[in-house]
Amino acid sequence: MGRSKLLRTLSVPAVLLSLAPGLAGCGSSQPLAQSGPPPAPQVTVAQPVKRLVADRDEYVGRFVAVDSIEVRARVSGYLDAVHFKDGQLVKKGDLLFTIDRRPFEATLAQAQANLGQARANLTFAEADLARGQTLVRNSTITQQTFDQRTQAKSVAEASVAAQEAAVRQAKLDLEFTELRAPVSGRIGDRRVSPGNLVTGGTTGGTTLLATITSIDPIRFEFTMDETSYLHYIRLAGDATAAAGRGTNMPVRLKLIDEPAFSHEGKTDFVDNAIDGASGTIRGRAEFANPDATFTPGMFGRIQVAATAPEEALLVPDLAIGTEQVRKFVLVVDHENVARPKYVKLGKLVDGLRVVAAGLGPDDRVIVNGLMRARPGVKVTPLNAADTAASDAVAKTQTTAN
C-alpha cells in the first residue's frame, strides 16, 4: 500500500512536466499584440484678446440718497388718516397724511366773513368821501371833516388788505392739513398713528411723521488720499478739466456679493477741502438705480481710472501656470507642439488676466486641457470658437431629443 500511494503522488508532477513543452509551443504560436504610440491629446487654444485697459484704483464707500426728507406737519392738529403702507415707493405729490380739517375750515369761514365786512366798510367810506368832495367845495362841511372821511377810507382799505391776508393764510393752513410727498422715493414706516396730536410749525419741536429717501439716481461717497487726488488732477490734463477736479470721470462699482465691477457711473462731486486730520478728501459718484437695488447706507467698492486707456493682451486666468516664482502659458507652435512662454502679468479684468510682456497677439494659447498637455509634447489643437459652436450644436440636439 505504501508503494502505490507514493507512485500516485509522483505521477502528478510528471504529467505536468510532460505537458510543459506543448503549452510552451501553444503560447509561442500566437503573436504578441503590437501597441503603438498614444494619440496626441486634444486641447483648446485661443489667441489673446486685445482690449483697451486702464489701471484703476479701488476704494470702499457707501451709498447715500440724493434727497432725504423728514415729513413734518406745518400746522398742529389731530392726525386723521394715513394714506400709504410702510416702506412703499411713493411719487412726488402723493397724499401721505391728513390732519383733521374741520378747525381750519371754520377759521377760513371766519376770515372770509371778516373780509366781507371790511369790504362793506370800504364801500361806505368811498361813497362818504365822494359826497364830501362836493360838500367841501360848497363849504357845506369843513376841511377837517373832509380829511376825516379821507382817513376813514384809507383805514377801510388797510382793513380789507389785512382780511385778504388772513383769508390766504387760512386757505394755506387748510392746504397744509394734507401732507404730500415732496420727492419721489421710498418712504419709511409711519411714526404716528391716526388719532394722535401732531405738533406743527416751523420750530424745532414739530412731530416727525415719516422719512422719504430718493432711489433713482443714487450717489456713492468714498474718500481718497491726497496723493491719489493730485494724480487725478494731473491725469485730467488741460486746465478746464483740472478745474473740475476729476468730476465727470467714468467709474465702475460692485457690491459685496458680486464678483465683478459691473455697474457704471460717473463722478459728480469732489469736496472743496482736504481733511486735516485724516489727509483724505471726499469724492462722490452717481449711478442709475432703476430697480432700486442700491439702498442708502449700503457698502460697495468703486474703481476709478488711474491711467489713460491703453491696448493690452488678455488671456483667461486659468490658462496661466506657475513654475516656482515664474508665470507661464503653454502655446502651440506651427508643428502643434506645446511650448512654454514665460510672461509678466498685470491685473485681472473681467475674468481675464492682462499679459504685460512675453506673449504675442498671434500666439495660440492653451486655454483648456492644460492637464493633458506637457511642454515639448505634440497636441491636437481645437479652436475655442469651434469648440463653443460644437457645444452649442450638441446642446441644441440634446434639447430636441
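A: Let's begin with the core. Of the 32 residues in the largest nonpolar core, L96, F97, L209 and I212 touch the most other members. A nonpolar core here is a set of buried Ala, Val, Leu, Ile, Met, Phe, Trp, Tyr and Cys residues joined through side-chain atoms within 4.5 Å. Buried means under 20% relative accessible area, exposed means over 50%, and partly exposed lies in between (1.4 Å probe, protein chains only). At least two residues of this core come from each of β5 (77-82), β7 (95-99), α2 (102-137), α3 (143-175) and β11 (208-213). The largest share, seven residues, is supplied by α2. These helices (H or I, at least four residues) and strands (E, at least two) are DSSP runs, numbered from the N terminus.

A word on the model itself: it is predicted, so local features need pLDDT of at least 70 and side-chain atom pairs count only at pLDDT 80 or more, while totals for chains, interfaces and linings use all residues. Residues are numbered from 1 along each chain as its sequence is written, and side-chain values use heavy atoms, with hydrogens and water left out.

Now zoom in on L209. Setting aside neighbours within four places in sequence, L209 is in contact (heavy atoms within 4.5 Å) with V71, A73, F97, L179, D189, R190, R191, V192 and V198. Another core, of 20 residues, lies apart from the largest one, and F63, Y229, V251 and A285 are among its members.

Next come the strands, which pair if DSSP finds at least two bridges between them. Strands β13 (residues 250-255) and β14 (residues 263-270) run antiparallel and are joined by four bridges, with R252 opposite E264 in β14. β14 also pairs with β15 (residues 280-287), again in the antiparallel sense over four bridges; there, V270 has G283 in β15 as its bridge partner.

Finally, look at the charged side chains. A salt bridge is a side-chain nitrogen of Lys or Arg within 4 Å of a carboxyl oxygen of Asp or Glu, and by this rule the count comes to 19. One of them joins D268 and R284 (3.2 Å, N to O). Because D268 lies in strand β14 and R284 in strand β15, the pair ties together parts that are 16 residues apart in sequence. D268 is partly exposed, at 30% relative accessible area, whereas R284 counts as buried at 15%. Another salt bridge links E157 and K153 (2.4 Å, N to O); these two are four residues apart in helix α3, so about one helical turn separates them.
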